[in-house]
Amino acid sequence: MTETDVPTLTRKDFVSDQDVRWCPGCGDYSILAQTQKTMPELGVPKEKFVFVAGIGCSSRFPYYMDTFGFHTIHGRAPAIASGVKLANPDLSVWVITGDGDALSIGGNHLIHLLRRNLDINIVLFNNEIYGLTKGQYSPTSEFGKKTKSSPFGSLDRPFNPPSVALGTQSTFVARTVDSNTAHLQASLKRAYEHKGTSFLEVYQNCLIYNDGAFSHVTDKAVKDDNILDLQHGQPMVFGGEGDKGIRLDGFTAEVVTVGKDVSMDDLLVHDEHDKNLAAILANFTEDESLPTPLGVIFSEEQPNYEALMTKQIESAKEKLGEGDLQQLIIGTDTWEVA
Amino acid sequence: MSDQKVETLESVVIRFAGDSGDGMQLMGDRFTNTAALVGNDLGTFPDFPAEIRAPAGSLAGVSAFQLQFSSRDIFTPGDNLDVLVAMNPAALKMHIKDLKAGGILIANKSNFTAKNLKLAVWESNPLEDDSLNDYQVHDIEISRLVVNAMEDMDVTSKTVERTKNFFGLGLLYWMYGRPMEPTVEWLEKKFKKRPELIEANTRALKAGYNFGDITESFAVQYEVGPAPLEPGTYRNITGNYATGLGLVAAAQNSKRPLYYGGYPITPASDILHQLSHYRNFGVKTFQAEDEIAGVGSAVGAAFAGSLAVTASSGPGICLKGEVIGLAVITELPLVVINVQRAGPSTGMPTKTEQADLFLAMYGRNGESPAPVLAPSTPGDCFFTTHEACRIALKYMTPVFVLTDAFLANGSEPWMIPSLDDIPPIDSSFAEMRDGQYMPYERDEETLAREWAIPGMAGLEHRIGGLEREHISGNVSYDPDNHDLMVRLRAEKVAGMTREIPPTEVYGDATGDLLVLGWGSTFGAIRTSVEALRSEGKSVSHTHLKWLNPLPADLGEHLLKFQKVLIPEVNSGQLIKLIRSEFLIDAEGLNLVRGKPFRKSQIIAKMKEIL
């Protein structure tokens, strides 16, 4: 089906008949709504979407999308999605996962999907807590966090999801926030457009067990001073007054005020294809003096696993001819018994 | 030589044993191939260590290959050896106890050095003391003789040393009157780009042959004539290879693309290797990051419309358990091949065992039924795997195939089936009715749900590991619905008895003793039962291909015998199923030694019972 044949779809076409059962006020609602708004704009026939999820609050997501959906088991969504995509490369495959699902029990599958670079979109809802199991610390919870399972404080050092992704040879790493609807929609679109595995971290507020974990980037009063909105080819400017910028001192980023001593020309310009810069940006969240980067941290074009597989099949058929089963069964060494 | 005495034998059992790097498996393969071309029936059993290259000369590093070739229909690689080829003292130490009294021992004398004797813990050189007096010993300086044969060639001493297996092969070809040409042709093909290796190995082969011919140490040559096999075209086949072919055939017959997701593990990896060559058949193989991802990706591929398969061995099947449960509840077609090996845990990875029957039956959380099939011979792996694929697609269910290391690596002559004789496989997809698709609506007879795959407009639906509501497939916590779904999943599997042909009883339909087996014990049981029947004993044999469900008519057959004996290479698993299902007092024969049964072991047990 070519794009011109695609019937016009609307948000409603992507709303299933199931009641959504997340806690009222959960950040998941916004992610669902933005996804349902964005999908019709991608020019993909509805029946070609597949949403695959693991286990956790976020992973109920496929039930609410009126597409093909597979709510699988804890941590394994990337593996199952890989099989879906390999079996039919024509599908638009989305993995919906959380910080526990993707980075703890499913860490192995996540890193290997990223390195193989199948054209699959991973949307990681990061709320820095285990919600469905009622409030234990997760692999992204801050060190020392007191939770149900860590009354004296968590002893785990947290993962930094974009750094994990970059370490796996990931070809697309981006971050957005649940409540920033326009940014979230744009990020989903970018993730879709990237031909390769897209890793989109979504800061998602868990109202019940970790409320306000991301208030520094959602609270109107402070967010402008804490968000660095990454734009490819643009200098890194932020702040309510638009007068703050990022400058590099060696390999270390620092916040400067544009105007007096520093001009726009001195600021770091975002290049989303620069892997070294991406590593520096990923580490911003570990330095409290730096803003939180949102947007595309890194992207590059690399071959897709499933496309390479298709190519191998085509070239084998070209070289050896379509497989002849009877000949295969006969083999090369036979003898007759009369 | 014209005046050479030639003795005719019905069957011969040979074992080649040497260091892992000595090429024993290759020597076995070539002898097997030639025996097949001569028309013998045969059975083989490669037996190698898990270590790829254990220290040279050590007991741990001994690799062996056994074969029986015969002028009659045989079912096993044989028990005690007529001939043992021992390339070093360690090989002799490990295997001499299996050589029959009066049997032929061929030893590479060159390797019986002080160092090697010490490594193999021989106190004195057995070739020089009286310890081998019960055998016909031929101690030959093979390493020196191959050097002589290649004197004028410009090859490294390492290359020369590596040809000694071909010297041994040549000698055996002479002893059993076998042609050398097929092996020479094979060498020419194999080393097309290394002519010096063709020349070196051919010279070694011929040197071995001529050694038998010229020296007078071998008084007799032996002849083993062709076996009266059913007319047809034959090839030699191992269980793993037949399994791979069965999968490709099923994919073609069902018109579903074959998807294989797996992770390397002994002794199942060969299936992955083989299938990875079949890109021109459209086969997609995915070497995943672990066992879970292997089967997980297969379940994803099944959701997307492939004939999805995973294979592993015990430890890997344990890891896959949760995903297989997902395939049970989502009712997706999936074939799970377990090439069983000795456990528990890592156990003995290269050794055979049948101890994963309960794992297949019960190794998942909740009530999670799945059909279980087991092939009985290497060639049968083809048909059983094909049948497993058919069942998976027809009933929308994961299906287990239990092979084992003995079947996987063992080989037999296999009459090549014609594609026309292989049953077609129906793999139809769902259609929309009244404008909607109900993912858990079932076929009235089979109870299978309908398959709708991504890309089918209007059939969008969601499935998952949460309990499904009957018909709609929506998530449901309703107690009555759960009870119903548990029953439906069980009934679906139980109803597969309709797929099982009537139970066959070899021998009389009633009598004193029925030996009931499953899987790779077929050959040993059949040979033993044949032997006792020829002594006039009232013994019969039934072999199960279906372990879950058990054949509907099995109970009535069991009741026609005074006693039932169930030999298994485990501590007694089928016997527990049979006892609980049919309330009969079956007896077990359970040897868990990492080795297939010997005929003598089964015969002794049968005699004890009778």
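Biologist: In strand β9 of chain B, which residue is the bridge partner of A:E336?

Modeller: Happy to start there, with the note that this is a predicted model, in which local features need pLDDT of at least 70, side-chain atom pairs count only at pLDDT 80 or more, and totals for chains, interfaces and linings use all residues. Residues are numbered from 1 along each chain as its sequence is written, while chains are lettered from A and ligands numbered from 1 in the order in which they are written. Strands (E, at least two residues) and helices (H or I, at least four) are DSSP runs, numbered from the N terminus. In β9(B), A:E336 has as its bridge partner B:T233.

Biologist: How many bridges join β12(A) to β9(B)?

Modeller: Two strands pair if DSSP finds at least two bridges between them. β12(A) and β9(B), residues 232-238, run antiparallel, and the number of bridges joining them is 4.

Biologist: Which element gives the largest share of the side of chain A that touches chain B?

Modeller: Contact here means C-beta atoms, placed from the backbone, within 7 Å. It takes 52 residues from chain A and 59 residues from chain B. On the chain A side, the largest share is 8 residues, and they come from α3(A).

Biologist: Nice! Which residues have the most contacts inside the largest nonpolar core?

Modeller: A nonpolar core is a set of buried Ala, Val, Leu, Ile, Met, Phe, Trp, Tyr and Cys residues joined through C-beta atoms within 7 Å. Buried means that 20 or more other C-beta atoms lie within 10 Å of the residue's own, with C-beta atoms placed from the backbone. The largest such core has 250 residues, and those with the most contacts inside it are A:V52, A:V84, B:V299 and B:V309.

Biologist: Which residues of chain A is B:V299 in contact with, leaving aside neighbours within four places in sequence?

Modeller: On its own chain, the contacts of B:V299 include B:A308, B:V323 and B:L334. From chain A, they are A:I80 and A:G83.

Biologist: What is the radius of gyration of chain B, and why is the chain called as compact as a globular protein of its length?

Modeller: The radius is taken over C-alpha atoms, and the globule rule is 2.2 Å times the number of residues to the power 0.38. For 610 residues that rule gives 25 Å, and chain B comes close to it, so it is as compact as a globular protein of that length, with a radius of gyration of 26 Å.

Key:
Buried ≥ 20, exposed ≤ 12 C-beta atoms within 10 Å, placed from the backbone. Contact = placed C-beta atoms within 7 Å.
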